[in-house]
Amino acid sequence: MAGMTITEKIFAKNAGKAKVSPGDNVWVSVDILMTHDVCGPGTIGIFHEKFGRNAKVWDKNRVVIIPDHYIFTADDKCHRNVQILRDFVREQGLPYYYDPEFVKNEPRMPNPYLDPTKTRYKGVCHKALPEEGHVRPGEILLGTDSHTCTAGAFGQFATGVGNTDAAFTLGTGKTWLKTPPTMKFAFRGEIPPYLTAKDLILAVIGEIGVAGATYKTMYFAGEGITSLTLEDRMTLTNMAIEAGGKNGVCDVDEKTLQYVRHRSHVKNWEVFKDDPDARYCYEKEWDLASFEPLVAKPHSPDNRDTAMNCRHVNIDQAYIGSCTGGKITDMIFAASILKGNVVKVPTFVVPGSTEVHADMKRLNLMGAEKGPNEKSIEDILLDAGCRVGPSGCSACLGGPSDTFGRLAGTEVCISTTNRNFPGRMGSMQASVYLASPLTVAASALTGHITDPRDYVVKPIQTGMAGVL
Amino acid sequence: MQNIIRGKAYVLGDNIDTDQIIPAKFLSYNPSDPSERRYFGMYAMDGVPAGQMGLPNGNIRFVRPNEFKTDFTIVVGGKNFGCGSSREHAPLAIAEAGASIVIAEFYARIFFRNCVNGGYLVPCESVERLVEKIHTGDELTVNLGTCKVTNETRKTSHALKPLGDVAPIIEAGGVFQYAREAGMLKS
Ligand code: SF4
């Protein structure tokens, strides 16, 4: 009998079975269900319709609601949607709701939080979930958002579902899942200073294509992955969906445990490893030193090319943000290049969460508490001419027309986000290049796509930024 | 579930993502409110680049401007249909416009799952690639019993893959009805 992978072991545990194999359909218990302002109202509507107006969620400590998509807009329908979440939270008595208290039910742009440490609002759900202690190894997390797969960086099974699935789980605590086969991507060596996890995942997606992992688990393994910070691992698992993956997963190590011990509400969890004889449907090993800084050209995340090859592409805008490229380590990467320079094109910076925003104000370029006369990461970005907006999904998915950083015309934009489909950032005529925060920052300085190798002279230290 | 579905085809290419099926700017409508839900029909496929709207010629809107319903019953796509975000608004929009079935080479999994569990659309897979063989506006007859699609306009027919594991959920009309019938949920 073949051994099992991490994902198979999690499925078996939550299905109450000794063993599952790829292809097996199983009913599993769900540990955490997350929804947000875009899919929450539809989910809540189906929950009420199917279980009744007085129905209660299966376990209020396992439901997490994080408004993040359409927050800073005057569109009153968006504010109404936040109100639907609030009403549901009150009705159900849900403890884990992160309210943008400054959003009032009126057709006017809300005044953003003044101090990111003094708001209940968190920003992008996939960043907030681990920060707020809802992510643990060995668990099953479902979210009404395709990038829920991000949390696989912590050794759990996490995947996106639709409103009907979420409503079903809200009422029952269960869902049916087909056990996916696992693709193993192993990385050797240490990541060179001019690369980030974004380059690795663009390389992988370019290799297997946007449907290369459809229905499958993408397992990121090897010492190359353990050498990454948790935040950089989240960049890898975040984009598993861009290859069609059902989930992405990394091994649990001391770094994971340190993070989770510090944050988790629940103090017990199980750590799974692949058995030595676990079966993979695909295996490839890469040497990290062999990669170059990459971009994904318009209009698909698998349209891989090197930044060097694209150096003649002029850009009109740069964007640093989202659940993929708006973490504190991404900000440190970008700021290390922008420090003491001035951007040539409008550069929009959107912290992935209010914690990231607070850390941008609190930390120096080494990821340590800044001294009284030292510049913060935010100071460095502002000095370089960047515009820093409030945390949230912002222009990553276009959004309402008054969204910060949104594309409106034929702009060429280089972005740390995860999708460059036609129209994704707001304009059907625009062209979006996806790249690492290093490549985006270097390109912002020159006005054309720029390989960051000349700009990174020594390894960038991020210290404990984003961990503690 | 109906076994025979007749109607006009609307043909799209590969990698039709959910931002093309229903662009993010329309996601502020609440699908649980009937007066807002119909707008998903109005804007279904609004994000497909004009040249790709209704192949092979393009520039054919799925739903005419300011209307809520489409003339097309059967959407035909290529590879990886429905990739991208998990928004259930995507299958809902196609269904709300009045189409009832999609035939593609294969699907992105969350879209497929939403079609099945939400009971919006029957997501069929074709055995061969049909995007070049069927033109927008062709009259089709789909027989889910015999797994065949007949092109009445061009007098051709093509095989479909059996629905497989998910057939019982599709037949029940979605995961809620399925679970109820299986005794997993109280009525
Ligand atoms: S930041 Fe972008 S990719 Fe991430 S959850 Fe928000 S819209 Fe989705």
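The shell around the ligand draws at least three residues from each of domain 1 (6–184 + 209–263) and domain 2 (296–455) of chain A, the domain bounds being those of an automatic or database domain assignment. The model is predicted, with local features requiring pLDDT of at least 70 and side-chain atom pairs counted only at pLDDT 80 or more, whereas totals for chains, interfaces and linings use all residues. Residues are numbered from 1 along each chain as its sequence is written, and chains are lettered from A and ligands numbered from 1 in the order in which they are written. A residue is taken as near a molecule if its C-beta atom, placed from the backbone, lies within 6 Å of it. The ligand is surrounded by His69(A), Val124(A), His126(A), Asp145(A), His147(A), Ser322(A), Cys323(A), Cys393(A), Cys396(A), Leu397(A) and Asn418(A). This shell comprises 5 nonpolar, 5 polar and 1 charged residues, where Ala, Val, Leu, Ile, Met, Phe, Trp, Tyr, Cys and Pro count as nonpolar, Asp, Glu, Lys and Arg as charged, and the others, Gly among them, as polar.

A residue is buried if 20 or more other C-beta atoms, placed from the backbone, lie within 10 Å of its own.

The contact between the chains (C-beta atoms, placed from the backbone, within 7 Å) takes 40 residues from chain A and 35 from chain B. On the side of chain B that touches chain A, helix 4 supplies the largest share, 6 residues. The residues of that side divide into 12 nonpolar, 14 polar and 9 charged.

In helix 6 of chain A, 10 of the 12 residues are buried, so this helix is largely enclosed by the rest of the structure. Its buried residues pack against elements of chain A including strand 7 (182–188), helix 8 (230–238) and strand 17 (431–435). Just after helix 6, Gly209(A) adopts a positive phi of about 90 degrees.

Definitions and conventions: Two residues are in contact if their C-beta atoms, placed from the backbone, lie within 7 Å. Helices (H or I, at least four residues) and strands (E, at least two) are DSSP runs, numbered from the N terminus.
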